[in-house]
Amino acid sequence: MSPKRRHFALCILAGLCFAAAQAPLGLWPLVVVGFALSVWLLKTSETPRRAGWTGWSIGASYFAASLLWIVEPFLVDIALTGWMAPFALIGMAGGLALFWALPFWLAIRLGKPSSLLALWPLAEYARSTFFTGFPWGLNAYAWIDTPLAQIAAWIGPHGLGALTLTFAALPILWDMRKGTAIAFLGFAALAALGIMRLSNAPEIAQDAPTIRLIQPNAPQHQKWDPAFAPIFFTRLIDASKASPKPDLIVWPETSLPTWLNDADRALGIIANAANNTPVLFGAQRYEGLRAYNSLVHLSTSGDVKHIYDKHHLVPFGEYLPFDALLSRLGMSTLTETFGGFTAGKGPELIDLGPLGKALALICYEAVFPHQMNSAEGRPRFLLHVTNDAWFGTRSGPQQHLVQARFRAIEQGLPLLRSANTGISAAIDAHGRVLQSLPLGTEGYIDTALPPELERTLYARFGDNLALLALLFLLCAAILPYPSAKE
C-alpha cells in the first residue's frame, strides 16, 4: 500500500473510531484513540492542503457512519423521496466535514500543529451554531455512561470535548511517556470530579408529583394513515385513563391525529380520559396559511391553557431553506415535496401550577445546548416531546436520547421525555435514565418527578467559559514567545 493510500485509510479509521464511540455502540475509549490518531495524521501532513484533506477525510468518515440514520426519513415514502437518501447522506457528511477540514488546514498553514487543540473545538462550536447549527454527535457525547459526562455541568459539551482532545494529543504533540502520564492523570481527575458530583445526588421526595409519559408506538408510514390513526389515538386515550391517576399526562410530538383548529371533539375525549388531570400533547395547528408544530397544555377543565410553537425547525424536514429562491430557479417540485412549518417566537416555559414550570423542547430542539439558557427564568424541569419514528430503529433515536441526557447534566435539571416510538424516559439531573420504554413498544411510564439541583456553572455562563479558554489557548499556541536576551 502506498503512503498516500495508507494515510487515507488511517483517516477513515480515525473517523470510524469516533463513530463507534457514539451511541449505539458507545465504545468510549475509542474517542481518545480517534483524537490521538487524528493529531498524529495532522503531524504527518506536510502541506496545508494535505492537512485539510486529512481533516475532511476523518470528518466525512465519521459523519457518514454516525449519521447513517439520516436516510430514514427519505425511506418512509420511497417512491416520492427515496432517490434523495444517498444524496442526503453524502451531502451531509461531506458538508459537515468541511468544519473539520478548516482547523486542520489552518494548523499547518500557521506552522503550529498544537493550535489544533483550540481550532478544532472552535470549529465544532461553529458547526453547532452557524446556519441555524447542527451540534449532533459532538465527541463529548461518547462519555455519557461514564463519570466524565458530569464535567458538562461546568463547561458544557464543547469544553469537555476540548479537554478530551487535549489529553489525547499530549503524547503525540509532546513527549510520549510524559504526555501519556499527564493524560492519564487528567482523565482520572475528571473522573474523580464526576464521581463526586454523582455522590451528591438527592433522593426523590416521597410526595413528588407523578408524571405519566405515554408512548403509542405509531410507525411513521402508518401514523397519518386513516386506517391506523384512530388505533394510535385510542392507545393514547386508554393509557391516559389508566389508574392510579397521575398529576400530569404527557403525549409525544404531533400525537393529535387532526389539526388542533378542528379538534374540538378530540379535545373533549382527551379531557374526559384525563379525568381532571392536565395533559400536554403535540399537535399541528394553522393560522391562515402558516402551519406550526406545537405543544398544547390542556387544563384540568379541558381548556387549552397554553400553546408553545416549536421555534428551531429542522432544515429540509420542517422547512426548506431558501425555498423562495429554489422556486424561482424552477425547482418548485422540491419545495412542494418538503412543504414547511413556521418557526415559533422562541423558547418558552410552561407554567404547570404545583408542578412548577417546564422548558418545552420539541424533537430537534433538545440537541442545542446553548439554547437551553434562552428562556426567561429557570424551569423546574425539562420536557421533551418527540417523534423519533422519523429516525428509524437504529442509531438515530439512541443518539437523540444521549443528547437529551446531556441537557439534563448541563442544566442540573431532570428531563422527562415522551417519544412516539421510543425511547421515552425519565432522566434525573445527573443525566441518568431512571425509567424508560424501549424502541418499538407501546406503553407508558409513571414516574415521580426527580429533584432539580442548584443552577450549574454551564446554566449560568453557557459556552462562554469554554470559548474564552479556547481563545486563550489559541493565542498561546500561535503567538511567538519573546526570546531571552544573552
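**Around Ala283**

Author: Ala283 touches Thr254, Leu256, Leu260, Tyr292, Asn293, Ser294 and Val296, leaving aside residues up to four places away in sequence. Contact here means heavy atoms within 4.5 Å. This is a predicted model, in which local features need pLDDT of at least 70 and side-chain atom pairs count only at pLDDT 80 or more, while totals for chains, interfaces and linings use all residues. Residues are numbered from 1 along each chain as its sequence is written, and side-chain values use heavy atoms, with hydrogens and water left out.

Ala283 sits in strand 3. Strands (E, at least two residues) and helices (H or I, at least four) are DSSP runs, numbered from the N terminus. Is Ala283 buried or exposed? Ala283 counts as buried, because its relative accessibility is 0%. The cut-offs are under 20% relative accessible area for buried and over 50% for exposed, with partly exposed in between (1.4 Å probe, protein chains only). Now look along the chain. Phe228 is 55 residues from Ala283, and their C-alpha atoms are separated by 17 Å.

Asn275 has a phi near 55°, a positive value in a residue other than glycine. Most residues other than glycine have a negative phi. Asn275 is partly exposed, because its relative accessible area is 45%.

Next, the cores. A nonpolar core is a set of buried Ala, Val, Leu, Ile, Met, Phe, Trp, Tyr and Cys residues joined through side-chain atoms within 4.5 Å. The largest one has 96 residues, and the members that touch the most others are Ile211 and Leu295. Helix 6 (residues 85-109) gives the largest share of this core, ten residues. Another core lies apart from it, with 20 residues, including Trp251, Leu260, Val279 and Phe281. Leu260 is also one of the residues that touch Ala283.

Go back to Leu295. With residues up to four places away in sequence left out, Leu295 touches Leu280, Phe281, Gly282, His306, Ile307, Tyr308, Ile350, Ala360, Ile362, Leu383 and Val385. Beyond Ile362 comes Cys363, in the loop between strand 7 (357-362) and strand 8 (381-386). Cys363 has a positive phi, near 50°. It is buried, because its relative accessibility is 8%.

Now take Ile211. Among the residues in contact with it is Thr447, which also touches Pro209, Thr210, Leu213, Leu416, Ala426 and Gln435, again not counting residues up to four places away in sequence. Thr447 belongs to strand 12 (residues 443-448). At 3% relative accessibility, Thr447 is buried. Its side chain makes a polar contact with the side chain of Gln435, at 3.4 Å. Such a contact is a pair of N or O atoms within 3.5 Å; within protein, one must be able to donate a hydrogen and the other to accept it, and residues adjacent in sequence count only if both atoms are side-chain atoms.

Back to Thr254, a contact of Ala283. It leads to a cavity. A cavity is a set of points on a 1 Å grid over the protein atoms alone, where a 1.4 Å probe fits but cannot get out; lining residues have an atom within 4 Å of a point. A volume is the space filled by probe spheres set on the points, which are joined across faces, edges and corners. The second largest cavity has a volume of about 90 Å³. It is lined by 14 residues, and those closest to its centre are Lys223, Phe232, Leu236, Thr254 and Ser255. Helix 11 (residues 229-241) gives the largest share of this lining, four residues. By class, the lining holds ten nonpolar, three polar and one charged residues. Nonpolar covers Ala, Val, Leu, Ile, Met, Phe, Trp, Tyr, Cys and Pro; charged covers Asp, Glu, Lys and Arg; the others, Gly among them, are polar.

How many cavities of 30 Å³ or more are there? The count is four. The largest cavity holds about 130 Å³ of space. Helix 7 (116-129) and helix 8 (152-173) are the elements that give two or more residues to its lining. Helix 8 gives the largest share, five residues.

Methods: 1 Å grid on protein atoms, 1.4 Å probe; cavity = no way out; pocket = protein on both sides within 12 Å on 5 of 7 lines; lining within 4 Å.
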